Amino acid sequence: MREHDEGRSVRARGLTRRRVLGIGGALGLMAATGLSTSAALARRPSITGAELRSAVPLPPAFQVPLPLPAVLAPVSTAGGTDRYEITQREASAEILPGVKTPLWTYEGTFPGPTIESRRGRPITVTHRNELPVPTVVHLHGGHTPAASDGYPTDLVLPEGWHDAAMPTGHGSEHGSHGMHDPRAVVSKLTRDYTFPLDQRATLLWYHDHRMDFTAPAIWRGLAGLHIVRDDAEDNLGLPEGLRELPLMIADRAFAADGSLDYPALDPTLRERPGVHESYLAGVLGDVILVNGAPWPVHEVDTARYRLRILNASNARHYELEAVTDDGRRLDLVQIGADQGLLATPVTHRLLPIAPAERYDVIVDFSGVPVGSRVRLINRLGSGRTRDVMAFRIARHATDDSRIPRTLSTDLPTWRRSDAVQVRDFSFRAGQMRGDHGWLIGGLPFDPARTDVTARLGDVEVWRLVADVHHPVHLHLVGFRVLSRSGRPPLPHDAGLKDTVSLRPGEAVEIITRFDGYRGRYLFHCHNAEHEDMAMMANLEII
């Protein structure tokens, strides 16, 4: 991937004042115009980040068929545990028609293979690192013991990698300011990750979580889906089989040689973390991929379909809408959130989704004429990034699926009065050892510092305040959204979540119970560039 000359890249990509106002967020606006923080936030930009422009011709929308990631078979099911093996390796794929793109992959594909598991049945995944850099695997949304949660310094080193070459912190030319993590557990070549999966049925995802380099590693392809199922959900009568579609949405940009373009300071991703200054707020691409295909199309019946949507973009937010060729909007009936089924369905016409959020929705194509089309569009996009994918109504069909009025009865009922602690956290830009950083509570991430200590079983309320967009993710636990800036939660906040989208200038209250396991976990912004620039904090469960 080519390295950018920063000044030239701004001019070549046309980051005019108007462009920064549209996509740069408050940080870019302040940098470009010198506005004060309050004046910049008053603009309430819909996206935080700056967009890369591809240097290759892009295909027309809705021509490439939607791929469906292969389901990985276990290598063993003995002893009540399903065992899987995944090799992390370099590969190339034809993402754009006729163009070969080098990737970092799980098992040679992007997205990686999907793992399907049963609630309460443990699995072990052996990851083998054949990439040129260390890696870490995090099962996002998993209720996982700390040893397998993918802490950013628990590295799996490739063969021949010397520990002395390993960066251990943020901010300097080589990614280190003498920062040391005495608790890091480093392994060579392989590591077993054990996931008990004692949790609600839901859509999870796994991705690289290496300290300082999460963003470019995900961008290069290290992401895959993990579905947890259980008997209660299976018996609801929801659309299933070919009418259940996992959709991993991610934006990317392509360099002239067909590689994935990314403005890394060190394109080898070996020593110096970070991106060029224009992209400090986040990296956006101009190509929308779904399951690794650009603006794909999928043939459907005149029936209900279950769309299991993940926003796997580094920084791009979406506001999804399903629109027929004649301009009619279809309902997006939400049945699930990050951590599983809602209590009752919630109907949307527009559905916002921030990086790392998942939404489980039903779309009914029965009233759409055969031969016509339904487009899934992004109301926050412009030009080519307004389109996401399309569904072509191919045939009439019978449909015995249903959407029950009661979806689940096992959601937690935590009340404010249950909370033993109320904590406040600010998510803001700031200085990090003389450089730009993204900070929680005014502090950059330090793996050797404990930021929050909570007791196993305690209920707490957290108040989160943002300067620009920050999708905040808690490891280990799910939570409920209590309020947004003193007002009730929004309709899409329903259910149990593990990632909440904070909008510019917004304060959000969440409530959770720290259960499951003791140990060291994280909470952080899931704008991946913010995460790499120190917007993480340690959570110790005792």
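In this talk I go through the packing around one tryptophan of this model, then some strands, and finally a few backbone details.

The model is a predicted one, so local features are taken at pLDDT of at least 70 and side-chain atom pairs only at pLDDT 80 or more, while totals for chains, interfaces and linings use all residues. Residues are numbered from 1 along each chain as its sequence is written, and side-chain values use heavy atoms, with hydrogens and water left out.

What is Trp462 in contact with, once neighbours within four places in sequence are set aside? With contact taken as heavy atoms within 4.5 Å, the partners of Trp462 are Arg423, Phe425, Val452, Leu474, Val508, Glu509, Ile510, Phe514, Phe523 and Leu539.

Turning to the rings, I pair those of Phe, Tyr and Trp (its six-membered ring) if their centres lie within 6.5 Å, calling planes under 30 degrees apart stacked, over 60 edge-to-face and the rest tilted. The count by this rule is 10 aromatic pairs. One of them is the tilted pair of Trp462 and Phe514, at 5.9 Å centre to centre and 45° between the planes. This pair links distant parts of the chain, 52 residues apart, with Trp462 in strand S29 (residues 459-466) and Phe514 in the loop between strand S33 (507-513) and strand S34 (519-525). Trp462 counts as buried because its relative accessibility is 1%, and Phe514 does so because its value is 0%. Trp462 also forms an edge-to-face pair with Phe523, 4.8 Å centre to centre and 65° between the planes, and here the link runs between strand S29 and strand S34, 61 residues apart. Ring pairs join Phe425, Trp462, Phe514 and Phe523 into a cluster.

Now to the strands, which I call paired if DSSP finds at least two bridges between them. Strand S3, residues 101-106, is mostly covered, with 5 of its 6 residues buried, and S3 pairs with strand S2, residues 82-93, in the antiparallel sense over 6 bridges. Within that pairing, Ala91 has Leu103 of S3 as its bridge partner. Elsewhere, 4 strands form an open sheet of mixed pairing in the order S4-S11-S10-S6, whose edge strands, S4 (112-118) and S6 (137-140), each pair on one side only. S6 and strand S10, residues 202-208, pair in the antiparallel sense over 4 bridges, and His138 stands opposite His207 in S10.

Lastly, the loop between S3 and S4 deserves a look. It holds Pro111, and the peptide bond from Phe110 to Pro111 is cis, with omega near -5°. Glu107 lies in that loop as well and has a positive phi of about 60° although it is not a glycine; with a relative accessible area of 30%, Glu107 is partly exposed.

Key: Buried means under 20% relative accessible area, exposed over 50%, partly exposed in between (1.4 Å probe, protein chains only). Helices (H or I, at least four residues) and strands (E, at least two) are DSSP runs, numbered from the N terminus.
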